[in-house]
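My entries follow in the order I looked things up.

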Amino acid sequence: ALLLEVIDTIDPLLPGEETSYVIRVTNQGTADDTNVAVVAQFPAEISPTTAGGHTAAKVADKKVTVAPYGRLQPGQYVEWTIQAKAVKTGDSRLKVMMTSDLIKAPVTEEESTQVY
């Protein structure tokens with residue numbers, strides 16, 4: 001039972017301003033889960049600049065992919081932070097997808113950030 005949480009640290013934004021997105025995956029279950037992976041897809045309004053956390057993260061255009069976390073024990077969490085910059089106005093929706101060896105179909109979470 002993995003819980004996926006996504007928050008932005010500054011909202012709303014003006015074009016040119018920056019925010020951070022914190023992605024946290026918590027194992028709320030009673031068994032280990034393995035190869036926990038996260039992909040974040042950014043909308044047109046915001047562009048990722050850097051990313052890091054419990055495993056390496058790669059920024060490529062509007063997408064951030066984190067290296068899978070090997071073993072997430074019950075009660076443990078892993079976290080990644082993505083720095084991003086507002087590029088144009090609109091109601092942006094960051095889409096984050098999580099998979100693991102026990103969760104084959106992606107769990108999806110969206111975080112809204114207003115750029116005005």
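Which residue lies over the face of Y77? I found R24 there, at 3.8 Å from the ring centre. The rule I used puts a charge over a ring if NZ of Lys or CZ of Arg is within 6 Å of the ring centre and within 35 degrees of the ring normal.

**Ground rules.** I am working on a predicted model, in which local features need pLDDT of at least 70 and side-chain atom pairs count only at pLDDT 80 or more, while totals for chains, interfaces and linings use all residues. Residues are numbered from 1 along each chain as its sequence is written, and side-chain values use heavy atoms, with hydrogens and water left out.

**Entry: the aromatic pair.** I looked for paired rings, meaning rings of Phe, Tyr and Trp (its six-membered ring) with centres within 6.5 Å; planes under 30 degrees apart count as stacked, over 60 as edge-to-face and the rest as tilted. The structure holds one aromatic pair. The ring centres of Y21 and F42 are 5.6 Å apart and the planes stand at 80 degrees, so I logged the pair as edge-to-face. Y21 belongs to strand β2 and F42 to the loop between β3 (33–41) and β4 (46–53), so the pair ties together parts that are 21 residues apart in sequence. Strands here are DSSP runs (E, at least two residues), numbered from the N terminus. Both Y21 and F42 are buried. I take buried as under 20% relative accessible area, exposed as over 50% and partly exposed as in between (1.4 Å probe, protein chains only).

I then listed what F42 touches, with contact meaning heavy atoms within 4.5 Å. Not counting residues up to four places away in sequence, F42 touches Y21, P48, K62, V64, I82, A84 and L94.

**Entry: the core.** F42 came up again among the residues with the most contacts inside the largest nonpolar core, together with I23, V25, V38, A40, V96 and M98. That core has 26 residues. A nonpolar core here is a set of buried Ala, Val, Leu, Ile, Met, Phe, Trp, Tyr and Cys residues joined through side-chain atoms within 4.5 Å. Where does the largest share of this core come from? I traced it to β8, which gives five residues. I also noted that β1 (2–8), β2, β3, β6 (63–66), β7 (69–72), β8 (77–86) and β9 (90–99) each supply at least two residues. As background, nonpolar side chains in soluble globular proteins tend to be buried together.

**Entry: β9 and its partners.** I sorted β9 by face: G90, S92, L94, V96 and M98 are on the covered one, and D91, R93, K95, M97 and T99 on the uncovered one. Strands pair, by the rule I used, if DSSP finds at least two bridges between them. β3 and β9 are antiparallel, with five bridges, and A40 has V96 as its bridge partner in β9. β9 and β10 also run antiparallel, joined by nine bridges; S92 is bridged to T113 in β10.

**Entry: β1 and β2.** On β1, I put L2, L4, V6 and D8 on the covered face and L3, E5 and I7 on the uncovered one. β1 and β2 run antiparallel and are joined by seven bridges, and L2 has N27 as its bridge partner in β2.

**Entry: T19.** T19 sits in strand β2 (residues 18–27). Is T19 buried or exposed? T19 has a relative accessible area of 1%, so I wrote down buried. A polar atom of the T19 side chain lies 2.9 Å from the backbone nitrogen of I10.

Entry: The peptide bond from D11 to P12 is cis, with omega near 10 degrees; P12 is in the loop between β1 and β2. N35, in strand β3, has a positive phi near 55 degrees. At 38% relative accessibility, N35 is partly exposed. D61, in the loop between β5 (57–60) and β6, has a positive phi of about 60 degrees. D61 is exposed, at 69% relative accessibility.

**Entry: L102.** L102 is in the loop between β9 and β10 (107–115) and is exposed, with a relative accessible area of 62%. L102 and N35 are 67 residues apart in sequence, and their C-alpha atoms are 8.9 Å apart. Leaving aside neighbours within four places in sequence, I found L102 in contact with D32 and D33.

How values were computed
Helix = DSSP H or I, 4+ residues; strand = E, 2+ residues; numbered from the N terminus. Polar contact = N/O pair within 3.5 Å; in protein donor to acceptor, adjacent residues only side chain to side chain.
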